[in-house]
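User: I'd like to go through this structure with you piece by piece. Can we start with the strands and see where it leads?

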Amino acid sequence: KAAKLLALSGLFSIYKRKGPTSTDVLNRLKEKLLAEAGMKQQGKKRKKHGLKIGHGGTLDSAASGVLVVGIGKGTKMLSRMLKGSKKYTAVGELGKVTDTLDTNGKITEEKSYSHITRADLEGVLPKFIGNILQVPPLYSALKKDGQRLSDLVKKGEVVDLKPARPVTVYGLQVRAFQSPLFTLDVECGGGFYVRSLVSDIGRELSSCAYLKELTRTKQGPFTLEDHILQEEHWTIDGVAQALEKSMPLLPAELERGVPKDREADQGTASSDEQCIA
């Protein structure tokens, strides 16, 4: 079984539930595969077992959905997943904002939201579509001097916000509105933070808002409905079958990379979003 595990190579996707970090989920997958193969993981040094595995785009701990995984030589393809388009369903709550811009943080501000209608919300969305500048949140995987901003903030260090950087939003629609809650369908490029979007929308509406729920429904060719390997199938045979099913999805996607009409608009994805373990 060890030989079969080490021979696995390619991309597939798994379901990340709310709670654990993307790295936690990746490590859980790796531990299950190594245990089944009778291979011991010694510390954090993958050279001890020879298994190379990584994910192609961080999902926050409070988020769920599609997490693309590369195994073997597939880890070299993960940068394409970072730069490619992703789709999310996001639930925001008006009238409150937290220091993390999502449910993990503490409420830092409350404002009136009773004046906001669905038409108001729909009216501001065009400002956030296309090539825009976005200030990343302080609590993020981005790094300063080799350390994550979120870790520095938790240590009590004073950290300045990163400067606004170019990002791309391909589509943004209101799915539901029942004040103070609203649901958005978002399609965006790499390096984009949905919780920053929700916060920025709240400010644009003369109130505030934070991200209450987030589900990644699509990344590259992988969709939540059709291409997810659930945890009960995190076995060597399960991964082998997932890789086989993924093969027809990938050639055109990897040959093309980012579609030509989007390539010029696509900013460089942050390497901090990618994890190779």
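**Strands, loops and a helix**

Analyst: Ser 64 stands opposite Thr 215 in β12. Bear in mind that this is a predicted model.

User: In which sense do β3 and β12 pair, and over how many bridges?

Analyst: β3 and β12, the latter covering residues 209–219, pair in the parallel sense over two bridges.

User: What about β1 and β3?

Analyst: That pairing is antiparallel, with seven bridges between β1 (residues 10–16) and β3. Within it, Lys 16 has Gly 65 of β3 as its bridge partner.

User: And β2 with β3?

Analyst: Strand β2 (residues 53–56) is also antiparallel to β3, over three bridges. His 55 stands opposite Val 69 in β3.

User: How many residues of β3 are buried?

Analyst: Eight of eight; β3 spans residues 64–71 and is mostly covered.

User: Moving on to β11. Which sense does its pairing with β4 have?

Analyst: Antiparallel: eight bridges join β4 (residues 86–94) to β11. Glu 93 stands opposite Leu 181 in β11.

User: How many bridges are there between β10 and β11?

Analyst: Eight, and the two strands pair in the antiparallel sense.

User: What joins β10 to β11?

Analyst: A hairpin, through two residues. Pro 180 lies in that loop, between β10 (165–178) and β11 (181–188).

User: Is the peptide bond from Ser 179 to Pro 180 cis or trans?

Analyst: The Ser 179 to Pro 180 bond is cis, and its omega is near 10 degrees.

User: How much of β11 is buried?

Analyst: Six of its eight residues are buried, so β11 is largely enclosed by the rest of the structure.

User: You mentioned Cys 188. Buried or exposed?

Analyst: Cys 188 counts as buried because its relative accessibility is 1%, and the cut-off for buried is under 20%.

User: And Cys 208, buried or exposed?

Analyst: Cys 208 is buried too, with a relative accessible area of 3%.

User: How many disulfides does the search find?

Analyst: Zero, and that search covers the whole structure. For reference, a disulfide is a covalent bond between the sulfur atoms of two cysteines.

User: Let's look at backbone angles. What is phi of Leu 101?

Analyst: Leu 101 has phi near 70 degrees, which is positive in a residue other than glycine. Leu 101 sits in the loop between β5 (96–98) and β6 (107–110).

User: Is Leu 101 buried or exposed?

Analyst: Leu 101 is buried, at a relative accessible area of 14%.

User: What about phi at Ser 206?

Analyst: Ser 206 is not a glycine either, and has a positive phi of about 60 degrees. This serine is found in the loop between α6 (194–204) and β12.

User: Buried or exposed, for Ser 206?

Analyst: Exposed: the relative accessible area of Ser 206 is 56%, and the cut-off for exposed is over 50%.

User: Now a helix. How far does α2 reach from its first C-alpha to its last?

Analyst: Helix α2 (residues 22–37) has 16 residues and reaches 23 Å, close to the 22 Å expected at 1.5 Å a residue.

User: Which residues of α2 are buried?

Analyst: They are Ser 22, Val 25, Leu 26, Leu 29, Lys 30, Leu 33, Leu 34 and Ala 37.

User: Why do the buried residues of α2 line one face of the helix?

Analyst: Seen down the axis of α2, they fall within an arc of 165 degrees, so they line one face. As background, an α-helix has 3.6 residues a turn, so residues three or four places apart point the same way.

User: What comes just after α2?

Analyst: Gly 38, which takes a positive phi of about 70 degrees.

User: Last topic, the chain overall. How many helices and strands?

Analyst: The secondary structure comes to nine helices and 14 strands.

User: What share of the residues is buried?

Analyst: Of the 277 residues of the chain, 50% count as buried.

User: What about contacts between residues at least 6 apart in sequence?

Analyst: Among those contacts, 75% join residues at least 24 apart.

Note on methods:
Residues numbered from 1 in each chain as written. Predicted model: local features only at pLDDT ≥ 70, side-chain atom pairs only at ≥ 80, totals over all residues. Heavy atoms only, no water. Helix = DSSP H or I, 4+ residues; strand = E, 2+ residues; numbered from the N terminus. Expected span 1.5 Å × (residues − 1). Buried < 20%, exposed > 50% of the residue type's maximum accessible area, 1.4 Å probe, protein only. Arc of directions from axis to C-beta. Disulfide = S-S within 2.5 Å. Pairing = 2+ DSSP bridges. Contact = heavy atoms within 4.5 Å.
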